[in-house]
Amino acid sequence: MLEVSELSASYGPVKALQGVSFEVPDRTITAVLGANGAGKTTLLRTVSGLIRPQSGTVTLDGADITHAAPERMSRLGLTHVPEGRGVITELTVTENLRLGELGRARNGDPVSMDRVWEMFPKLADRRSAFAGTLSGGERQMLVIARALMATPKVLLLDEPSLGLAPRIVAQIFDLVRTLVDEQGLSVLLVEQNARSALSIADLGVVLNLGKVVTTQEAHALAADEGLRHAYLGF
Ligand code: ATP
């Protein structure tokens, strides 16, 4: 289980996170929701070691990983998929996937290419294509598949739906749910698209101005009209 406890982080005078605490239980999706500037991306970057917190702790299966460097995080089983679908456009789909193996977790069972093609049939069809020729949805699938090559226990996903058509968002979210149910992953999912995120999540954490407003089961949050209107935009 990933546990975030009393995490605070700032950019100079801007307090982006203030005493944020929540848990990501094993084999679940926890969605972090909230308006622009709520602190969602900062939270993922702090959990994955890209930003040094001012205070607070992050533990994975009881081990304190708060100050681990990003490469070590990956070795420990925590893989961050940042916003923006960064693929290497001059390499093929297969070559991009191979890069994911470089950060492989120490205790992870290697994921075979055949398994990846099975899980991502659209990528299998394009395996020899340069990544630069992929659509936005295919690139998003590629960055998720590449992250799986590192055999993570916990995947941190930042805004996978950004700029994608609703039909493609639905496909990607279904895929994430399948990875959790069938591969035993845990996912910390940051999303602006609260309605879609809550439809696949187990838990929802609502952030506002760097603080947790509430943590609830996803279906309960989706049913709470007051919270939805105030913080979730639907
Ligand atoms: P968005 O969906 O727009 O990315 P967010 O919920 O992810 O929003 P953050 O990007 O984490 O929010 O931003 C939290 C706060 O920190 C905001 O007030 C933002 O303006 C500020 N902030 C973010 N990045 C920086 C930075 N590099 N330098 C200074 N302030 C920053």
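Start by selecting Asp 181, which counts as partly exposed at 46% relative accessibility. You are looking at a predicted model, so keep that in mind as you click along.

**Stop 1: around Arg 177**

Next, bring in Asp 202. The side chains of Asp 202 and Arg 177 also form a salt bridge, at 3.0 Å from N to O. Asp 202 lies in the loop between α8 (194-200) and β9, while Arg 177 is in helix α7, so this pair ties together parts that are 25 residues apart in sequence. Asp 202 is partly exposed, with a relative accessible area of 28%.

**Stop 2: the β9-β10 hairpin**

Six bridges pair β9 with strand β10 (residues 211-217) in the antiparallel sense. To see one of the pairings, select Val 205 and look across to Thr 215, its bridge partner in β10. Two residues separate the strands in this hairpin, and Leu 209 takes a positive phi near 45° there.

**Stop 3: the four-stranded sheet**

Now colour the strands of the open sheet, whose order is β2-β1-β4-β5 with antiparallel pairing. Its edge strands are β2 (14-24) and β5, each of which pairs on one side only. Inside the sheet, strand β1 (residues 2-11) runs antiparallel to strand β4 (residues 55-60), and five bridges join them.

Which residue in the hairpin of β4 and β5 takes a positive phi? Select Asp 61: its phi is near 50°, in a hairpin with two residues between the strands. The side chain of Asp 61 meets that of Lys 153 in a salt bridge (2.6 Å, N to O). This pair links distant parts of the chain, 92 residues apart, with Asp 61 in the loop between β4 and β5 and Lys 153 in the loop between α6 and β7 (154-158). Both ends are partly exposed: Asp 61 has a relative accessible area of 45%, and Lys 153 has 36%.

**Stop 4: Arg 146**

Step back into helix α6 (residues 136-148) and pick Arg 146. Is Arg 146 buried or exposed? Arg 146 is buried yet has no salt bridge, and the nearest side chain of opposite charge, Glu 90, is 10 Å away. Instead, look at Gly 86, whose backbone oxygen is reached by the Arg 146 side chain at 2.6 Å. Among the other residues that Arg 146 touches are Val 87, Ile 88, Asn 96 and Leu 97.

**Stop 5: the ligand**

Of the 13 residues around it, Gly 37, Lys 40, Thr 41, Thr 42 and Gln 192 come nearest.

- An N or O atom in the side chain of Asn 36 is 2.9 Å from a ligand oxygen.
- A polar backbone atom of Gly 37 is 2.8 Å from an oxygen atom of the ligand.
- A backbone N or O atom of Thr 41 lies 2.8 Å from a ligand oxygen.

Conventions:
Residues are numbered from 1 along each chain as its sequence is written. This is a predicted model: local features need pLDDT of at least 70, side-chain atom pairs count only at pLDDT 80 or more; totals for chains, interfaces and linings use all residues. Side-chain values use heavy atoms; hydrogens and water are left out. Two strands pair if DSSP finds at least two bridges between them. Buried means under 20% relative accessible area, exposed over 50%, partly exposed in between (1.4 Å probe, protein chains only). Lys and Arg count as positive and Asp and Glu as negative; His and the chain ends are not counted. A salt bridge is a side-chain nitrogen of Lys or Arg within 4 Å of a carboxyl oxygen of Asp or Glu. A polar contact is a pair of N or O atoms within 3.5 Å; within protein, one must be able to donate a hydrogen and the other to accept it, and residues adjacent in sequence count only if both atoms are side-chain atoms. Contact means heavy atoms within 4.5 Å. A residue is near a molecule or strand if one of its heavy atoms lies within 4 Å of it. Lists of a residue's contacts leave out its neighbours within four places in sequence.
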